[in-house]
Amino acid sequence: MGEKILMKGSEAIAEAAVRAGCKLFFGYPITPQNEVPEYMSKRLFEVGGQFVQAESEVAASNMCYGAAAVGHRVMTSSSSPGVTLKQEGLSYCAGSELPVVVVNVMRGGPGLGGIQPAQSDYFQATRPGHGDFRYIVIAPATIQEAVDLMMDAFDLADRYRNPVMVLADGLIGQMMEPVVFREDPPKEYDKSWACTGCAGREKNIVNSLYLDPKDLEDHNFHLFRKYDEVEKNEIRVEEYLMEDAEVALAAYGTTARICKTAIGLLRAQGFKVGLVRPITLWPFPYRTFRKVADRVRFVLDVEMSMGQMIQDVRLGVVERCPVHFYGRVGGMVPAPVEIVQQVQRLLAE
Amino acid sequence: MDANDTAVFTYPRSLSRTPTHYCPGCLHGVAHRLVAEAIDALGVREKTVGICPVGCSVLAYKYFDCDMIEASHGRAPAVATGVKRARPDLVCFTYQGDGDLASIGMAEIIHAANRNEPITVIFYNNAIYGMTGGQMAPTTLVGMKTSTSPTGRDPIDRGAGYPIRMVELLNTLEGPVYLARQSLLSSADIFRARRVVQRAFSLQSKGFTFVEFVGTCPTNWGMAPVEAREWAQKRMIEVFPIGVFRDREAEAAKASAAKEA
Ligand SMILES: Cc1ncc(C[n+]2csc(CCOP(=O)(O)OP(=O)(O)O)c2C)c(N)n1
Ligand code: SF4
């Protein structure tokens, strides 16, 4: 393990990517994630890499497609409206089975929305662009976790040849915390499929077009066998103080952190409250929620959105217990005391 | 006769033997052959990556016998940027139609040119959307009837705009190294086009190189192949004049020769 360094979230995320062997960044400026491209525009040239400020997010995601097609680790980052534009290139990456890592530092919407933290891109992360496909979606709650997950993201992308989205919010991006970078060298993956020039072999084709319906169906079946594997192997979830909990909060990312503070306050008053924190939003830890649902009086889902993850929470709970919702939006961040009051009110009902 | 002349009668190594799906008289096939010949002439097949567009040439990945990437509509220059930034040692070309390059992909082509990305762009201009069945293209001539300009492209009363001249547009930028337009309408034109494509590929390591072909779409123009070529000769060339608009290397050579003289 390396030494502890105090870093801003966005820069720590960028540095983690570099240490994971990512030498290529293509992006377009948007608040609140500008520190990522700014950091990369300096750092990547120091390690013999390349940085391009693309003409748009559409172009950036397609540059990632090209770099991934020749077998290189590549990333982009953006925030909500920009991620909408990236959906094009990322759907082609999924269809062509290309590994790429995309960081989404979410801000409020719809439309231009605002520039303050939000979690209203859960849908566009877990129900992405056109076609039947998935991103692997991971949601850090601390900067250390962002660093660790960022390094894992490149491995997941390479192992499953699929886009991985690191879903963060403005708070994670802007906070400063001490972090430690893992020092294990980047793992090697078979990339014999890449378009590196056909010397000594048949030509390779990177493509998502299947004009024959049967072929396209087979391709979709193939992708979903892969997604089954991801669901089997990669679900990550934290259960916090759930052993004796009578109430479960459900939250991810920054909101989960706030929930932990609220749980401290509630427990001090004698309320047995715990938290289920999905770390992978896809694959989603449905089973954990099913298990928890049999033991608690209710689940309170807390988000910085009008209620998006709650759909998956309900799918997990399957009416074994009530699922309630508390959300703040537009860049308003729920205070621990608001969550405390919600739990107290629901318990009194 | 030089070696290039005899090459016409053999099958370029960089073309697959797969029969193409192009309509009779379509010049996409001719354009493919010229690209393949240029790759052969430079001996770079084994380090070439081609990017195909969305359009009638969407299946070009089957026709070229080198590594191929299928891009989304209009984004080939961005994909090529990703390829070359990762692997500057590779040779990379895009092959794009006019809807792909001059409409949906306008931002990508302008900016790739402006960054002087070391790629070769082959632009097939047939003044129409072939693949989707003959809709108006950004290069459709004023007055030309298409399925979405049924009374003829009308820039005044219907606000349908004017044909965009891509080479001239790119020629306003500092970046590009080589910009040329050539037609494929006669054997003599094809002969000249071969030289232009080879020149573009040979200059790729210096920066952005771009060749526009004036081609045809007999099917969606509703014409026989010969008639289509004659029509293009008569109508398209006056809007899309032939020529090498920029050759930075030749200009530099001329300038240094003048200095020595
Ligand atoms: C994002 C997107 N929009 C629209 C289409 C439909 N589309 C396919 S090809 C094409 C136009 C192709 O015309 P052109 O580039 O001129 O090539 P040609 O077929 O004439 O060779 C369009 C609009 C698409 N595939 N993707
Ligand atoms: S539709 Fe037009 S451009 Fe397409 S293959 Fe046929 S002739 Fe060629």
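## Ligand contacts in chain B

A backbone N or O atom of M131(B) lies 2.9 Å from an oxygen atom of ligand 1. Taken alone, ligand 1 exposes 590 Å², and the protein buries 75% of that. Accessible areas come from the Shrake-Rupley method with a 1.4 Å probe.

This is a predicted model, where local features need pLDDT of at least 70, side-chain atom pairs count only at pLDDT 80 or more, and totals for chains, interfaces and linings use all residues. Residues are numbered from 1 along each chain as its sequence is written, chains are lettered from A and ligands numbered from 1 in the order written, and side-chain values use heavy atoms, without hydrogens and water.

| Residue | Part | Distance |
|---|---|---|
| D98(B) | side-chain N or O atom | 2.7 Å |
| I128(B) | polar backbone atom | 3.1 Å |

Ligand 1 is surrounded by 16 residues. A shell residue has a heavy atom within 4 Å of the ligand. The closest include C56(B) and G130(B). By class, the shell has six nonpolar, eight polar and two charged residues. Asp, Glu, Lys and Arg count as charged; Cys, Tyr and Pro are among the nonpolar, and Gly is among the polar. Helix α5(B) gives the most, with four residues. Helices are DSSP runs (H or I) of at least four residues, and strands (E) of at least two.

Now ligand 2. Its surroundings include C23(B), C26(B), H28(B) and C56(B). Six shell residues are nonpolar, four polar and none charged. Helix α9 (residues 218-221) of chain B gives the most, with three residues.

Note on methods:
Polar contact = N/O pair within 3.5 Å; in protein donor to acceptor, adjacent residues only side chain to side chain.
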